[in-house]
Every structure is written in structure tokens, then in C-alpha cells.
Amino acid sequence: MENKYHYFRRDISWLSFNYRVLLEADDDSLPLYERINFIAIYSSNLEEFYKVRVAEHKAVASGGHSEDMTQEEAHRLIHQITEVVNAQMEDRIRIYDQKIVPALRQHHIIFYQSKQEVEPFHREFVSNFFREEIFPYLQPVPVCKDRIKTFLRDNRLYLSVRVVRKDTGEKEYYIIKLPYSKVPRFIELPRQGDNFYLMYMEDIIKANIGRMFPGYEVDCSYCCKISRDADIFVDDTANAELMVEQLKKKVKKRKIGAVCRFVYDRKMPADFLAFLVDAFGISRDELVPGDKHLNLEDLAHLPNPDKEASCLTASKPVPMTLNCLDEKQSVFRYVTKRDLLLHFPYHSFGHFLHFLYEAAYDASCREIMITQYRVAENSEVISTLIAAARNGKKVTVFVELKARFDEENNLATAEMMKRAGIHIIYSIPGLKVHAKVALVLRYNKAGKQTRSYAYISTGNFNEKTAKLYADSGLFTSNEAIVNDLHTLFRVLQREVTAPQFKRLLVARFNLLPALKRRIGFEINMARAGKEARIILKMNALQDPAMIDELYRASEAGVQIDLIVRGICCLIPGQPYSRNIRVTRIVDSFLEHARVWYFHNGGKPLLFMGSPDWMRRNLYRRIEAVTPVMDESLKQELMDMLDIQLHDNRKAGWVDGQLNNILKRNPEEAPVRAQYTFYEYLRKKNN
């Protein structure tokens with residue numbers, strides 16, 4: 001029987017989210033460099049999307065196997081993605097050219113875009129800078145399909161040049177790799193009066209390119225780049241040692257993967273593009289027209305010559321230290337009495353580091369267990385764990401080797417920890433471990449376990465991202481949760497195969513049945529004419545089975561609010577989703593927390609943890625979710641959700657056509673959830 005329910009395509013929904021990121025660059029109320037940074041984020045997101053998702057679809061379109069779509073469906077999806085991205089690119093160009101560059105000029109930051117724009121007082125500087133700082137690193141390579149095989153590296157910017165021999169009139173083509181590692185992308189020119197001046201490295205090269213080709217006339221030059229398949233496939237049914245060796249080899253080959261897109265300056269003449277396509281063996285469906293300046297993720301590093309100007313850079317909340325902890329910052333002492341909830345980046349990540357530090361030097365602490373998914377380079381977390389191991393503690397770290405783009409860092413930190421005596425558990429065959437949990441086990445002199453501590457988080461143990469991602473983490477000494485978490489680590493060590501969990505909800509074991517029971521309870525309440533309400537905050541909602549549960553709840557009359565940052569395959573505004581509203585928030589910090597509320601007949605249930613409602617999270621990963629049992633902390637999370645639902649500055653509805661409809665209403669008092677919640681926490685702290 002045909003399913004009456006329908007869903008958005010996952011990738012088209014993600015493109016809607018990324019477009020919402022781009023819209024922040026169009027917001028005149030934001031400081032200029034924050035708007036510029038959103039263009040960088042949009043561009044970086046799109047690069048990864050092509051290297052992973054589109055690359056996967058291209059493999060299917062070329063005859064590869066997929067359980068999700070046929071070869072023909074993959075072709076259609078790639079075409080649809082191309083149409084959406086091309087439309088978004090028009091807006092990206094409009095925002096950058098018509099709003100960002102003029103706004104920089106208004107603030108006395110002049111961005112030369114071509115040789116013709118360079119003022120007479122800078123021409124000598126541009127010429128000398130090219131000759132002394134750039135020219136020594138340039139190596140034009142002739143492009144000739146039949147005689148020379150040229151390899152373009154992944155995500156490197158190249159300048160393609162067409163020249164004409166003065167003696168014969170014959171056209172020749174060259175490719176020049178921009179020397180990123182030797183010269184900054186953005187060059188600061190000498191200041192003149194109140195004005196600062198910037199110029200792209202490639203524009204300085206173009207302004208002087210004739211000097212590179214004596215005996216030729218330079219006809220034209222345009223930037224281009226290749227994005228390559230970045231996914232890594234390893235036999236994760238193999239033992240840990242073999243998997244480590246496979247990863248070490250395959251990570252090094254990531255930059256030579258199959259082409260998934262060829263991005264070029266859309267002003268490139270058709271015959272020039274046709275020559276490059278033929279010479280490099282590019283498929284027509286891999287062509288993505290871009291702007292004059294590519295790789296705009298580099299804008300994240302755009303020099304700001306006037307750092308004192310408040311209208312240029314944002315003043316973001318400063319992470320606060322909790323006053324509820326005593327002057328010695330004892331997390332143990334506080335959590336012995338009651339649970340503690342942290343919200344990053346509003347609270348200092350130092351509290352978690354101090355928790356580990358206490359464990360490292362607490363005489364009663366015998367064991368520390370923690371998961372590692374994405375850690376910072378030169379991580380303080382890892383340093384503290386190493387200190388604990390050297391101090392005689394038994395430290396066990398589960399390292400997820402298959403965390404995409406973090407494989408090398410995870411391998412390196414795992415080897416460093418092993419040398420320090422830390423017990424390392426590697427990836428589980430066929431599964432990813434995405435749970436973000438830590439456990440401290442304490443024992444008395446008689447060897448009996450005493451008060452121990454668990455930490456369950458929505459985000460990684462990463463000092464860097466804790467300043468950028470909005471996450472929540474719960475400390476508790478609740479015996480049932482501590483024991484459940486100990487059981488989970490025994491599962492990861494393959495000591496237990498059929499675990500029983502009393503409090504924790506763990507994907508692949510008891511998470512899905514528990515969620516379905518909770519939704520079912522709300523459905524029964526609605527059918528009985530009583531209040532029924534669900535609020536779900538997460539990064540992504542994609543699993544059709546769980547979306548169907550929400551559709552059925554909506555049909556029964558359950559009021560449902562979804563706060564979904566990224567992918568949302570549930571379609572609002574349909575007869576079967578008339579009671580569901582989808583909110584998306586994009587602001588200074590990346591909304592990353594997963595928090596779920598169920599009205600439960602007036603006795604609210606709150607849960608928080610690591611999983612989104614995607615098939616991979618619910619069926620192919622180990623994820624951990626904890627109930628929040630402290631009534632005051634429940635209220636704190638409910639207040640957070642309420643603030644986010646009332647955001648009328650950075651929140652928007654996602655409608656039935658995947659449009660981002662901003663909730664702005666000038667008649668309402670302004671609510672910018674991230675900053676309002678920070679003030680809420682600050683007042684509570686005081």
C-alpha cells in the first residue's frame with residue numbers, strides 16, 4: 001500500500017539550511033565581518049557537501065550500489081542539486097558584490113578587485129610585491145590533452161591562462177597553482193589617509209601575468225578548482241589494528257579521490273571551458289559555475305585592519321564561570337549534592353576540564369572512562385587524561401576512528417595516549433560510536449565503589465568547538481545513571497552483549513522503543529481531549545519511521561514544535577502535519593544541542609544527549625541520552641526551549657516548500673535566543 005506520508009529529500013533540505021546560513025550575510029543589522037564570516041561558512045559547508053554527499057550520488061549514478069536510490073534517481077538528484085546550488089550562487093554573488101564590498105568601502109576598507117581598480121599610488125607596490133613575494137613560487141604548466149597529463153589537487157585554487165604566440169598567433173593554455181602555503185590569500189597594501197587597502201593574491205598575479213609569458217600576448221585568465229571525493233571506505237569488520245593501518249593509508253589518498261565538481265569563473269568563455277573540460281577529462285555534470293573569486297571559505301581569515309571598530313566585528317558572550325562551585329572549583333563536591341547542567345559556549349568549558357583534573361588527582365578515583373569523537377588539536381582534555389594515567393589512574397578512552405575529516409587527529413591522539421599508558425578501545429566493527437560521555441569511578445580502601453560521577457553531553461569534548469557550538473552537558477552522581485554508563489562502556493569493551501539500562505537511553509538497545517512509547521503516550525492524551533505537547537530540538541530529522549510517528553501524533557492532535565537546525569525531511573503544512581511547526585535558528589553560535597520535551601500529562605519529561613533522528617544515528621551508531629531528573633534543571637531546559645521558540649530575530653519557520661521564513665515582527669519585543677539565554681543564565685548565576 002502506498003504511503004500517504006511524504007518527505008523532503010535529505011540533500012535538498014540541507015541546501016535549504018545552508019542557504020539560511022548565507023542569508024545571515026545579507027543581514028545589514030550584523031557587524032560586517034560577521035556577515036563576511038557567514039559567506040565563508042556557507043562556502044565551506046558547500047565544499048564538504050560536494051566532497052561527501054554529491055560524491056556518493058555520483059558513484060551511484062555511475063553504477064555503484066545504493067540501498068536508497070537507483071542509478072536514474074541519483075542522476076535526477078544531482079541535477080536537482082545543481083539547479084538549487086546555481087540559484088543560490090546568484091544570491092551569493094549579489095550579496096558579496098552589491099552589499100559586502102560596498103560596505104567595506106564605506107568603512108574605509110578598499111578591496112581592489114582588478115588591475116583597473118588599483119590606484120596610481122599602489123601600482124608600484126603591486127608590481128614589486130608580485131616580483132619579490134609571488135613570482136618565485138609560480139610555475140605555469142602547459143595544458144595539452146595528448147602530450148601532458150595534468151593533475152589538479154583537491155580544493156586548491158588554480159589560475160587557467162590562455163595566451164597567444166606573437167610570432168604565429170597560435171593559442172596555448174597553461175594552469176598555475178596559487179602558492180597558498182607561501183603567500184597569504186589576502187594582501188594588505190599600504191594605507192593611504194583614512195583608507196585601508198586589500199587585494200586578492202590572484203588579482204595581483206593577473207595584474208602582472210604578462211611578465212610571466214615573454215613572447216606571448218595574454219588573452220585571458222580565470223580561476224578554477226576541483227573538489228574530490230573525500231569519503232574513506234575501510235573494512236570496519238576487520239580487527240582494530242588492521243583498521244588503523246587501512247585508515248593511515250587511505251587518509252593520505254583522500255586528496256586524489258574521484259572528481260565530484262569542477263568550479264570555474266562563470267565569465268570564462270565557452271570555448272576556453274570546453275578545452276579545459278576535454279583536457280582534464282571533466283564530465284559535464286561535474287561543472288559548477290562560480291564567481292571570479294573561488295574558495296571564499298578563505299574569507300574567514302580576511303584581515304581586519306580596523307579591529308577597534310565595533311560595527312565591523314561582533315561582541316559575543318564571554319563564557320562565564322559558575323558561582324555555585326566553591327573557590328576551589330570542586331565539581332565533585334557540588335555534584336555529590338545535586339546534578340549540574342552546563343551550557344556551552346555560555347558556560348566555561350574549564351568546568352569540564354576541572355572535572356577531569358579532579359579525577360586525575362582524587363585519591364578515591366580509580367578509573368576514568370571517556371569517548372573521543374572529535375577532539376581539538378593539542379587538546380587539554382587529552383593532556384589531562386595523560387596526567388591521570390601517569391598518576392596511577394586506570395584511564396580508558398574509546399576512540400572513534402571513523403569520525404570524518406578527524407581520522408588523522410584521532411589516530412595521532414590515540415597513539416599518544418597509548419604511549420602514556422591509557423587503554424584505547426578502537427571503533428566497533430560495523431558501527432560508529434557517537435555518544436559523548438565520561439565516567440569517573442571511585443572506590444574506598446576496601447575496594448567498594450563509592451560516590452561516582454557521570455557526564456552526558458550533546459557535544460564533543462573539544463575546547464575549540466565548545467566556544468563555537470551551543471551544546472549542553474549534564475553532571476550527575478545518580479547511581480542508576482552511573483551504573484548504566486558503566487554498562488555502556490562494558491558494551492564498548494565487548495564485555496556485555498545484551499545490556500539492560502535503567503535510566504540511559506542507548507541507540508540500538510532501548511532508545512527507539514522509549515521514544516515511541518513517549519510519543520504514543522502523547523497521542524493517547526490528545527485522543528482523550530487532554531493537553532498533549534512535544535518539543536524536539538536537534539540538528540537533523542531524517543528517519544522516515546520516526547517522522548511517521550510525528551505525523552501520526554499530529555493527526556491525533558498533539559501539538560509539536562521542532563527546532564531543527566539542519567536537515568529536516570518532515571514536511572510541515574500538510575493535512576497530516578497541520579499541528580507541527582518547524583523552527584530553524586542560525587546565529588553567532590552553531591546550534592548543536594539535542595533536547596527533547598514531552599508534556600507527559602503535566603509532569604514534563606526532559607531528555608538530552610548525542611543523537612539526531614537520522615537513520616545513521618538511530619540504527620547504525622551507539623548514542624547515549626539521559627533523562628534530566630532534577631526539577632530545577634528541567635525548568636532550565638524548558639526555559640531554553642521556550643526562549644528559542646520565541647526568537648524573532650534569528651529564528652525562522654521552514655515551510656512546505658523549504659523556504660526560510662524569518663519570524664521578524666517589529667511589533668514584538670526583540671528576542672534573540674542565544675543572547676537572551678545567555679542573559680538568563682547570567683542572572684541565574686548571580
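Modeller: Happy to! One term before we start: contact means heavy atoms within 4.5 Å. Also keep in mind that this is a predicted model.

Colleague: Thanks. What covers the buried residues of helix 17?

Modeller: The cover includes strand 10 (340-344), strand 22 (590-591) and helix 16 (631-645). The buried residues of helix 17 are Ala673, Gln674, Tyr675, Phe677, Tyr678, Leu681 and Asn685.

Colleague: And how many residues does helix 17 have?

Modeller: Helix 17 has 13 residues, 673-685. From first C-alpha to last, helix 17 reaches 18 Å, close to the 18 Å expected at 1.5 Å a residue.

Colleague: Nice. Which ring pair involves Tyr678?

Modeller: Tyr678 pairs with Tyr346: the ring centres are 6.2 Å apart and the planes are at 45 degrees, so the pair is tilted. Tyr346 sits in the loop between strand 10 and helix 9 (350-361), and Tyr678 is in helix 17, so this pair links distant parts of the chain, 332 residues apart.

Colleague: Are those two buried or exposed?

Modeller: Tyr346 and Tyr678 are both buried.

Colleague: How many aromatic pairs are there in the whole structure?

Modeller: A search of the whole structure finds 39 aromatic pairs. One of them is Tyr173 with Phe275, a stacked pair at 3.8 Å centre to centre and 15 degrees between the planes.

Colleague: What does that pair tie together?

Modeller: Tyr173 lies in strand 4 (residues 171-177) and Phe275 in helix 7 (residues 270-280), so the pair ties together parts that are 102 residues apart in sequence. Tyr173 has 11% relative accessibility and counts as buried. Phe275 is partly exposed, at a relative accessible area of 27%.

Colleague: Which residues form an aromatic cluster?

Modeller: One cluster is made up of Phe332, Phe344, Phe349, Phe352, Phe355, Tyr453, Tyr455, Phe461 and Phe475. Phe344, Phe349 and Tyr455 are also among the residues that line the second largest cavity.

Colleague: Good, let's switch to cavities. How many of 30 Å³ or more are there?

Modeller: The count comes to four cavities of 30 Å³ or more. The largest cavity holds about 160 Å³ of space.

Colleague: What lines the largest cavity?

Modeller: It has 16 lining residues, and Ser43, Leu46, Met89, Arg261 and Asn295 lie nearest its centre. Helix 2 (32-61), helix 3 and strand 8 (259-265) each give two or more residues to the lining of the largest cavity. Helix 2 gives the most, with four. By class, the lining of the largest cavity divides into six nonpolar, four polar and six charged residues.

Colleague: And the second largest cavity, what is its volume?

Modeller: About 80 Å³ of space lies in the second largest cavity. The elements giving two or more residues to its lining are strand 16 (453-457) and strand 17 (469-476). That lining has five nonpolar, five polar and one charged residues.

Colleague: Last topic: what is the volume of the second largest pocket?

Modeller: The second largest pocket has a volume of about 490 Å³. Of its 21 lining residues, Gln113, Ser114, Asp203, Lys206 and Lys292 are the closest to its centre. Helix 3 (71-106), helix 5 (201-208) and strand 7 (216-228) give two or more residues each to that lining.

Key. Residues numbered from 1 in each chain as written. Predicted model: local features only at pLDDT ≥ 70, side-chain atom pairs only at ≥ 80, totals over all residues. Heavy atoms only, no water. 1 Å grid on protein atoms, 1.4 Å probe; cavity = no way out; pocket = protein on both sides within 12 Å on 5 of 7 lines; lining within 4 Å. Points joined across faces, edges and corners; volume = space filled by probe spheres on them. Expected span 1.5 Å × (residues − 1). Buried < 20%, exposed > 50% of the residue type's maximum accessible area, 1.4 Å probe, protein only. Phe/Tyr/Trp six-rings, centres within 6.5 Å; stacked < 30°, edge-to-face > 60°. Nonpolar A, V, L, I, M, F, W, Y, C, P; charged D, E, K, R; others polar.
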